[in-house]
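Trainee: Could you show me how to read a helix and its neighbours in a model like this one? I would also like to learn about ring pairs.

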Amino acid sequence: MKSIYSKAQMDYMKAKTVFEGRASVLEKTIEKTSKTREITQEVMEGLVLETGFHAAFNELLTAENNLIEWSHVTIKHEKTYRENKQPIESMYEQLNGSPEMRAQIIQLAMKIR
């Protein structure tokens, strides 16, 4: 049976796929460029823009934020949330200060059906 995803989950999966693709292109471009010239900060900034990596990163960040917001609203209707409200709210409060917590919330948000 096919899983049903929310719009926020679908947008996140799409943005993540695009980001990973752009990251791969950037890596190959850096490798190719490094054979002919030094990779300075200025060169790197140009490559990041040229390959679309910057735009893909911004789209991924927006999709992550939307997914997190959606999950926070959606989870409030679950019995598990009502039973563990304080620990769950604590997780959401820590997400901007901890990359690990942000990643964990995103993983959990992708499991919501």
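Mentor: Gladly! Keep in mind that this model is predicted. Let's begin with what covers the buried residues of α5: this includes α3 (53–75), α4 (79–83) and α6 (99–109).

Trainee: Which residues of helix α5 are buried?

Mentor: In α5, which spans residues 85–94, they are I88, E89, M91 and Y92. These residues sit on the same side of α5, because their arc around the axis is only 150 degrees. On the other side, Q86 and E93 are exposed.

Trainee: Why do residues three or four places apart point the same way?

Mentor: The general idea is that an α-helix has 3.6 residues a turn, so residues at that spacing point the same way.

Trainee: Now the rings, please. How many aromatic pairs are there?

Mentor: The count is two aromatic pairs. In one, F19 and F53 are tilted, with 5.1 Å from centre to centre and 40 degrees between the planes. This pair links distant parts of the chain, as F19 is in helix α1 (residues 7–34) and F53 is in helix α3, 34 residues apart.

Trainee: Are F19 and F53 buried or exposed?

Mentor: F19 is buried, at 18% relative accessible area, and F53 also counts as buried, at 18%. The cut-off for buried is under 20%.

Trainee: What about F19 and F57?

Mentor: Their ring centres are 6.2 Å apart and their planes are at 55 degrees, so this pair is tilted. F19 lies in helix α1 and F57 in helix α3, so the pair ties together parts 38 residues apart in sequence. F57 is partly exposed, with a relative accessible area of 39%. Together, F19, F53 and F57 form one aromatic cluster.

Terms used. Residues numbered from 1 in each chain as written. Predicted model: local features only at pLDDT ≥ 70, side-chain atom pairs only at ≥ 80, totals over all residues. Heavy atoms only, no water. Buried < 20%, exposed > 50% of the residue type's maximum accessible area, 1.4 Å probe, protein only. Helix = DSSP H or I, 4+ residues; strand = E, 2+ residues; numbered from the N terminus. Arc of directions from axis to C-beta. Contact = heavy atoms within 4.5 Å. Phe/Tyr/Trp six-rings, centres within 6.5 Å; stacked < 30°, edge-to-face > 60°.
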